[in-house]
Structures are given as C-alpha cells and as structure tokens.
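The following exercises examine a predicted protein model, each with a worked solution. Please keep the sequence and the coordinates at hand while working through them.

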Amino acid sequence: MKHWILLFLAVVGMGGCATAQYGNFTSHTPYTLNTTLVTDTVKQIELLYPPASTKINIGQAITKTDLFGAGLITTLRNHGYAVQEFSEKQPLSDAGINLRYIIDVPATTYQNLILIKIMLGSDALSRAYAMQNDTVIPAGSWARREN
C-alpha cells in the first residue's frame with residue numbers, strides 16, 4: 001500500500017512540471033470504466049460545490065471519443081448543475097466555475113494506473129485509480145490543492 005501512495009504522490013507532484021494540455025489521454029477505456037470514474041468524480045465535486053446553486057463552465061473541447069467528458073457533462077446535469085459546454089464561437093460565462101480535466105496513464109512501469117486531475121476554478125483535485133479486469137479501484141484518496 002505504501003508503494004501506491006508514494007507512486008501517487010510522485011505522479012501528482014510531476015503534474016505541475018508540464019504544460020497543461022487538457023483532455024482524456026487514455027485510449028480504448030471501456031464504457032463501464034469511464035462510468036465509474038465519472039460517478040466518483042461527480043461525488044467529489046458535490047462535496048465541494050453544491051448542485052442547484054453552482055454553474056460549471058467546461059473550459060475545454062470534448063471530442064466524440066471522450067467517453068469521460070461526455071459522461072461528466074450528462075452526470076453533472078443529472079445531479080442538478082447548470083453546465084455550459086465549451087464552444088470556440090462563444091466565450092465562457094463569467095458566472096460559474098471553470099472546469100478542465102486531464103485523464104492519463106502515467107509514464108511508469110505500472111501501466112495499470114489512471115490519474116484524474118480536475119481543475120475547478122483555481123482549485124485542483126487529483127486521484128489515482130488502479131485498473132483490474134476492465135474495472136477501476138481508487139489507489140488513494142482525493143487530493144485537493146487550493147489557491
């Protein structure tokens with residue numbers, strides 16, 4: 001267990017060293033895996049930002065192949081959030097919280113990890129997950145960095 005915690009902290013620490021490119025950088029992740037990640041992410045967002053009184057602006061384009069992004073928007077709306085989707089033609093509203101995310105597999109010898117980093121306004125939430133048999137289990141707690 002200590003190994004996972006140290007690996008998670010190293011991955012989160014290295015996240016600040018690269019230029020921020022947002023999106024889902026995992027390939028060929030099953031639908032059920034994305035559903036689990038979305039559900040867990042929305043639960044964490046609900047703890048910090050109450051639904052029905054929070055507007056979330058998606059600050060990045062979401063491709064058709066990004067099952068996490070599409071599921072995140074749908075689930076946020078189903079849980080009572082007002083969501084403005086990204087559009088190059090229309091700037092994001094000043095009202096609300098800008099949300100961006102990165103889903104990636106860390107460049108390590110342990111390719112069964114997925115790292116989620118959610119940027120909400122100036123705050124960042126991160127969590128690592130271990131993949132096993134097309135499912136994921138948390139490899140640690142959510143980490144929150146506030147600015």
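**Exercise 1.** Determine where Thr75 lies, whether Thr75 is buried or exposed, and which residues Thr75 is in contact with beyond its neighbours within four places in sequence.

*Solution.* Step 1: Thr75 belongs to helix α3, residues 67-78; helices (H or I, at least four residues) and strands (E, at least two) are DSSP runs, numbered from the N terminus. Step 2: the relative accessible area of Thr75 is 17%. Buried means under 20% relative accessible area, exposed over 50%, and partly exposed in between, with a 1.4 Å probe and protein chains only; Thr75 is therefore buried. Step 3: with neighbours within four places in sequence set aside, Thr75 is in contact with Val38 and Val42, where contact means heavy atoms within 4.5 Å.

The model is predicted: local features need pLDDT of at least 70, side-chain atom pairs count only at pLDDT 80 or more, and totals for chains, interfaces and linings use all residues. Residues are numbered from 1 along each chain as its sequence is written, and side-chain values use heavy atoms, with hydrogens and water left out.

**Exercise 2.** Characterise Thr39 and its relation to Thr75.

*Solution.* Step 1: Thr39 is placed in helix α2. Step 2: because its relative accessible area is 35%, Thr39 is partly exposed. Step 3: Thr39 and Thr75 are separated by 36 residues in sequence, while their C-alpha atoms are 7.5 Å apart in space. Step 4: the Thr39 side chain reaches the backbone oxygen of Thr35 at 2.9 Å.

**Exercise 3.** Describe the largest nonpolar core and state which elements give two or more residues to this core.

*Solution.* Step 1: a nonpolar core is a set of buried Ala, Val, Leu, Ile, Met, Phe, Trp, Tyr and Cys residues joined through side-chain atoms within 4.5 Å. Step 2: the largest one has 26 residues, and Phe68 and Leu99 have the most contacts inside it. Step 3: two or more residues each come from α2 (31-48), β2 (55-58), α3, β4 (97-104), β5 (113-120) and β6 (123-132). Step 4: α2 gives the most, with five residues. Step 5: a second, separate core has five residues, among them Leu115, Ala128, Ala130 and Ala139. Step 6: not counting residues up to four places away in sequence, Leu99 touches residues including Ile45, Ile56, Leu72 and Ile118.

**Exercise 4.** Find the one aromatic pair of the structure and classify its geometry.

*Solution.* Step 1: rings of Phe, Tyr and Trp (its six-membered ring) pair if their centres lie within 6.5 Å; planes under 30 degrees apart count as stacked, over 60 as edge-to-face and the rest as tilted. Step 2: the structure holds one such pair. Step 3: Phe68 and Tyr101 form this pair, with 5.1 Å centre to centre and 65° between the planes, and the geometry is edge-to-face. Step 4: the pair links distant parts of the chain, as Phe68 in helix α3 and Tyr101 in strand β4 are 33 residues apart. Step 5: Phe68 counts as buried because its relative accessibility is 0%, and Tyr101 likewise counts as buried at 0%.

Conventions: A polar contact is a pair of N or O atoms within 3.5 Å; within protein, one must be able to donate a hydrogen and the other to accept it, and residues adjacent in sequence count only if both atoms are side-chain atoms.
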